[in-house]
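This report describes selected features of one protein model. Please look at the sequence and the 3D view before reading on.

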Amino acid sequence: MSVTPKVGFVSLGCPKALSDSEQILTQLRAEGYLVSQTYQDADLVVVNTCGFIDSAVQESLDAIGEAIKENGKVIVTGCLGARGDMVQQAHPKVLAVTGPHAKDEVMAHVHEHLPKPHDPFVDLVPAAGIRLTPKHYAYLKISEGCNHRCTFCIIPSLRGDLVSRPANEVLREAELLAQSGVKELLVISQDTSAYGVDLKYRTAFHNGRPVKTRMTELVSELGKLGLWVRLHYVYPYPHVDEVIPLMAEGKVLPYLDIPFQHASPRILKLMKRPGDAENVLARIRKWREICPDLVLRSTFIVGFPGETEAEFEELLAFLEDAELDRVGCFAYSPVEGAAANELPDPVPEEVKEDRRRRFMEKQAQISARKLARRVGQEMTVLVDAVNPVIKFGKPMGTQVVARSYADAPEIDGVVRFRAGTGRVAVGDLVRVRITAAGEHDLDAELIG
């Protein structure tokens, strides 16, 4: 064992899981542990897993197996950990298994198998904690769990019911992130719109001022930090209408990630999801009237049990009418424990995949059409990467990869442009003019 104990870490899954990983890593560093970048150099390994869909389960099981093979001492946490029997049966050599959002339990197991260093220095840890994202953006988790019981989802059984963080705690973390140099906050949860419901919208106090523990009030306060604030996982409650004026006023990014899931009223009812296509379309029109720059991202499921060809065509028609900017689509996967698995008339796999293909082809046409309208516009973009261009052995400037307000990291498009060596750096906000558009990405030229 090394003089200062080292912990390896593997983080899988969604941004909520990433946030859990950051909390565990922050605690590890606060207690004096080092974080190893290799299996061989680590004294033990923590694997934070995903267990939402079958492919994620397999990826997690494979990652656990690799960690056991390469290191031998493995602690498992995360959503797959909530299905502990599965992990233990597949990998009986794991040291311990916990569910998600279990920092204290993970640390207890780490202490048991790798005693913490003597008298650690707390100031080894940055005030904003340990982050797995680049320095210029960070995920800000405002709650854990979900009160909904969508029939295709097992998240409540893995992460429990809604538990909101106090508003003052969230705002303090946001301030520390801003002070550390973060330029963009990505607000995440299982259900961002429900923030504070469990606390009955209790009033908290931040810097001596009252702040209601509620989405609109929290977003308004975050908008005062001078950062890009991006809202994810927004359930389409009526009070979502309240944040659109904040976007129109430039206080937060005019970007909403709302998982509509389907357009057929019958399928939505089977999913136990709210809404109908006409009402949603009317709300979208109203939002765009208030905030013309609004960008909408959504996700959908095709091939849900019982979905007919007519209902799928209804979804395609909704897609055309809504003209959503960014869209993801999944073929229904029968996740173990999901109530939807008991529904009659499962859709054959080949039909599900064909519908997913047709859906994405339709969305690609819509996306290309919408992005083409941006050609000639000037936009502010946040730089994610600066890559040197070498020709004939000589430096020829840089190729820059950036994002506009319309693009969340890793899931949306990018804006590419050339710049002279040293002109821009990662984390810079710069102005560009859009010169060309594709189905997902934009090309631009640097202004000034």
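A cavity is a set of grid points where a 1.4 Å probe fits but cannot get out. The structure shown is a predicted model. By this rule, the count is one cavity of 30 Å³ or more.

The largest cavity holds about 50 Å³ of space. Among the residues lining this cavity are Asp20, Gln23, Ile24, Asn48 and Thr77. The lining also includes Gly78, Gly99, Pro100, His101, Ala102 and Lys103. Two elements, α1 (15-30) and β4 (74-78), each give two or more residues to the lining. Of the elements, α1 gives the most, with three residues.

An unreviewed UniProt entry places the feature "binding site" at Cys146, Cys150 and Cys153. Cysteine 146 is located in the loop between β7 (143-144) and α5 (155-159), and cysteine 153 is in the loop between β7 and α5 as well. Contacts of cysteine 146, not counting residues up to four places away in sequence, are made with Pro156, Gly160, Asp161, Leu162, Gln190 and Asp191. With residues up to four places away again not counted, cysteine 153 touches Phe52 and Ala338.

Is cysteine 146 buried or exposed? Cysteine 146 has a relative accessible area of 11%, and buried means under 20%, so cysteine 146 counts as buried.

Histidine 91 sits in the loop between α3 (84-90) and β5 (96-97). Because its relative accessibility is 16%, histidine 91 counts as buried. Leaving aside neighbours within four places in sequence, histidine 91 is in contact with Leu61, Ile64, Gly65 and Ile68.

The table lists the two accessibility values.

| Residue | Relative accessible area | Class |
|---|---|---|
| Cysteine 146 | 11% | buried |
| Histidine 91 | 16% | buried |

The last topic is a sheet. Strands of a sheet pair through backbone hydrogen bonds, either parallel or antiparallel. In this model, five strands close into a barrel in the order β16-β17-β18-β20-β19, with mixed pairing. On average, neighbouring strands of this sheet are turned by 45° against each other, direction ignored.

How many bridges join strand β17 to strand β18? Five bridges join β17 (residues 394-403) to β18 (residues 415-419), and the two strands run antiparallel.

Notes. Residues numbered from 1 in each chain as written. Predicted model: local features only at pLDDT ≥ 70, side-chain atom pairs only at ≥ 80, totals over all residues. Heavy atoms only, no water. UniProt positions renumbered as here; feature names shortened; annotations may be inferred. Helix = DSSP H or I, 4+ residues; strand = E, 2+ residues; numbered from the N terminus. Buried < 20%, exposed > 50% of the residue type's maximum accessible area, 1.4 Å probe, protein only. Contact = heavy atoms within 4.5 Å. Pairing = 2+ DSSP bridges. Axes fitted to C-alpha atoms, helices over the stretch in contact; angles between N-to-C directions. 1 Å grid on protein atoms, 1.4 Å probe; cavity = no way out; pocket = protein on both sides within 12 Å on 5 of 7 lines; lining within 4 Å. Points joined across faces, edges and corners; volume = space filled by probe spheres on them.
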